[in-house]
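Me: I'm new to this one. Can you walk me through it in short answers?
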Amino acid sequence: MANASANPSPRMTDDERRIVGYTSVAHGLTHGVELVYGAVLLVVALEFDASLALLGAVANASAIAYSFMALPAGQAADKLGSKKMVTISVGGSGIAALLAAASPNVAVLTVALVLMGVLGGLYHPAGLSLITRGVRQRARALGIHGAGGNIGTALAPMIAGGVAGIWNWRASFLVFAILAITITIASFRYRVEE
């Protein structure tokens, strides 16, 4: 019986580390952008003089859009490439967050949030595929990726609420838009590739 320690796993290459780092941060931001709205919903209701029932329906529309994008996202990642779909998802979510920050009314905010749901929903099949195609230590990489998503989920409401408390709810969307667009630009500069 072979000794498991005699054959240690190979260390990740720089390319593999870039893939894991990029997808983990992207995963956190994908969930982060999605959770800003829930953290600022009450102040949005006050500014637009809208009912919580209406704004809750808007949140549901965004979540449904996010959910239903998984199948087409998987097909698109197979056809266009995982890296390209991650880029579209994260960068597009950032642009949708900019639209949310600039929303003059509930109708425009609804469009921004549904667009955010559609674009954010592209992430998971593409991000997971990018890891499984580009990293040899898949289980370790997927664990790091999952932790990135969980950190984004845990920190986003606190960050969004804090920013809204200091400035306003629009600034919360703006902060996450800047983060998402920055990580997208960084993926080109540091050559994250499949």
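Me: Phe 48 and Trp 169: buried or exposed?
Reply: Both Phe 48 and Trp 169 are buried (under 20% relative accessible area with a 1.4 Å probe, protein chains only; exposed is over 50%, partly exposed in between). This is a predicted model, where local features need pLDDT of at least 70, side-chain atom pairs count only at pLDDT 80 or more, and totals for chains, interfaces and linings use all residues. Residues are numbered from 1 along each chain as its sequence is written, and side-chain values use heavy atoms, with hydrogens and water left out.

Me: How many aromatic pairs are there?
Reply: Two aromatic pairs. Rings of Phe, Tyr and Trp (its six-membered ring) pair if their centres lie within 6.5 Å; planes under 30 degrees apart are stacked, over 60 edge-to-face, the rest tilted.

Me: Why is the pair of Phe 48 and Trp 169 edge-to-face?
Reply: Their planes stand at 70°, with centres 5.8 Å apart, so the pair is edge-to-face. Phe 48 is in helix 1 and Trp 169 in helix 8, 121 residues apart. Helices here are DSSP runs (H or I, at least four residues), numbered from the N terminus.

Me: And what about Trp 169 and Phe 173?
Reply: Those rings have centres 6.0 Å apart and planes at 85°, so they are edge-to-face. Phe 48, Trp 169 and Phe 173 form one aromatic cluster.

Me: New topic. Where is Ser 82?
Reply: Ser 82 lies in helix 4, residues 82–101. Ser 82 counts as buried because its relative accessibility is 0%.

Me: How many residues of helix 4 are buried?
Reply: 15 of its 20 residues, so helix 4 is mostly covered.

Notes. Helices (H or I, at least four residues) and strands (E, at least two) are DSSP runs, numbered from the N terminus.
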